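Please look through the structure below before reading on.

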Amino acid sequence: MESTSVSILVNGSPTLEFKITRGLRQGDPLAPFLFIVAAEGLSGLVRQALTANLLIGIKVGRKEVEVGVLQFADDTLFFCEETFSNVFTIKAILRCYELASGLKINFHKSKLAGVNVSRETLEVYAKTLHCNLMRVTFKYLGLEVGGNPTKKLFWEPIIDRLSAKLNVWKGRFLSLAGRICLIKSVFTSLPLFYLSFFKAPEAVCDRIISIQRRFLWGWGREKRTIPWVSWENLCKPKDEGGLGIKNVRYFNRALLAKWKWRLMGEEKGMWKQILTSKYGTDIDQNCNNKKNLSWWWKDLGKCYGEGEEVSWFHGEIGWKVGRGDKVRFWEDAWLGESPLSVKYHRLYSVSLDKGRKVSEVGVWEEDIWIWNLRWRRTRFQWELEQEKEMITAVERVHLNMENQDSLTWGDDSSSIFTVKAAYECLSKCTRGSPSRVFK
């Protein structure tokens with residue numbers, strides 16, 4: 001089978017025609033890479049339009065991070081202020097992209113939505129772009145955008161899909177071990193996307209547990225059956241007498257805690273720029289001021305222990321100090337297992353360095369680091385003794401301007417955060433020491 005003849009444009013002039021003997025077919029591993037290269041041209045056109053002020057994107061947060069386009073695989077979202085010139089610029093960008101790439105934009109599959117924009121204005125814009133209108137609450141990549149995750153109605157699609165997969169009548173054809181395997185596989189696949197982004201309400205968690213428990217003990221019968229073992233014991237690991245089924249509440253909190261870890265780490269991206277511009281980098285301080293915060297940000301603070309004296313998340317986090325520009329002197333655990341604010345609570349109460357980084361609590365003098373702590377009053381004698389003890393401890397740490405501060409997780413200084421490690425940390429909070437019988 002021979003392919004058609006093609007020619008290549010070199011500096012605008014076509015070469016002689018030749019027949020293709022090798023090419024990219026559907027399913028070829030290089031095909032996604034070729035698509036990404038082509039899609040990068042579209043985002044490049046948008047960036048040039050933003051730079052030339054031909055397109056005005058959405059500005060987010062105090063730093064006014066401008067967002068004009070977001071891309072994921074073959075999905076593209078354009079953002080702009082509500083003006084006809086912006087809409088016309090987007091149409092011109094798409095037309096230029098068609099001419100440059102040879103691809104065809106399907107406007108009939110494209111949709112337009114507006115926030116605080118009248119219906120009449122949106123209809124004019126839709127006719128200009130030759131696309132359809134849609135409501136603000138819509139699904140993107142399987143996730144509902146614009147909904148309220150604190151309502152049970154928001155979680156109905158997940159509940160319905162779980163009920164369909166774990167229908168009671170299916171249990172009559174499976175053994176107990178088969179039902180356990182199905183519960184584990186369904187739970188770790190269907191609601192994973194939702195649970196890694198939103199905090200599930202208590203009623204939703206109870207409903208998920210009810211579906212799992214009924215499927216496990218139903219034996220194919222529709223009527224209510226007796227659960228012979230408590231669900232808490234079933235969620236324990238096998239070496240502790242359980243079946244290893246994940247606790248939905250702990251699993252949800254462990255998944256959401258990954259956002260906190262990624263915000264504190266070195267990872268970069270548009271998502272991080274948007275969040276730090278709107279909320280800042282410190283979830284603790286921002287969650288204390290509940291006004292003008294989204295439900296998602298409030299729930300994120302609750303999941304890792306916001307409001308507790310020492311949260312489970314911060315209890316596992318440690319720091320390896322380098323230049324000291326990220327570690328907070330009092331609030332972070334960089335000298336031992338607990339923060340200095342917990343070890344020396346009285347000194348912390350009279351300090352003027354609350355919230356300051358390690359690099360801000362001293363100065364360099366001829367390559368020698370000198371600590372310079374500030375206090376709002378003169379310390380008592382016993383406080384001076386505590387200060388001397390603390391200074392002796394912190395002087396053991398040597399700052400290095402060439403190394404960055406790095407996060408660690410758990411007792412091992414080389415470990416990093418994983419959802420599995422966070423789940424084990426949460427589940428151990430309610431368990432005692434493991435029994436040697438089940439091993």
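The points below cover aromatic rings, a lysine and a strand pair.

1. Please keep in mind that this is a predicted model. Each value here is computed from it.

2. Start with the aromatic rings. The whole structure holds 29 aromatic pairs. Take Trp296 and Trp297 as one example: their ring centres are 6.0 Å apart, and their planes meet at 50 degrees. Planes under 30 degrees apart would count as stacked and over 60 as edge-to-face, with the rest tilted. The pair is therefore tilted.

3. Are these two tryptophans buried or exposed? Buried means under 20% relative accessible area. Trp296 has 14% relative accessibility, so Trp296 counts as buried. Trp297 is buried too, with a relative accessible area of 0%.

4. Trp296 and Trp297 also belong to one aromatic cluster. Phe154, Trp155, Tyr194, Phe197 and Phe198 are among its members.

5. Now turn to Lys246. Which rings does its charged end sit over? One is Phe251: Lys246 lies over its face, 5.6 Å from the ring centre. Another is Tyr423, where the charged end of Lys246 is 5.9 Å from the centre of the ring.

6. Last, a strand pair. Strand β7 spans residues 69-72, and strand β8 spans residues 75-78. They pair in the antiparallel sense, over four bridges. Val69 has Phe78 in β8 as its bridge partner.

7. What lies between these strands? The hairpin of β7 and β8 has two residues there. Ala73, in this hairpin, takes a positive phi near 55 degrees.

How values were computed: Residues are numbered from 1 along each chain as its sequence is written. This is a predicted model: local features need pLDDT of at least 70, side-chain atom pairs count only at pLDDT 80 or more; totals for chains, interfaces and linings use all residues. Side-chain values use heavy atoms; hydrogens and water are left out. Rings of Phe, Tyr and Trp (its six-membered ring) pair if their centres lie within 6.5 Å; planes under 30 degrees apart count as stacked, over 60 as edge-to-face and the rest as tilted. Buried means under 20% relative accessible area, exposed over 50%, partly exposed in between (1.4 Å probe, protein chains only). A charge sits over a ring if NZ of Lys or CZ of Arg is within 6 Å of the ring centre and within 35 degrees of the ring normal. Two strands pair if DSSP finds at least two bridges between them.
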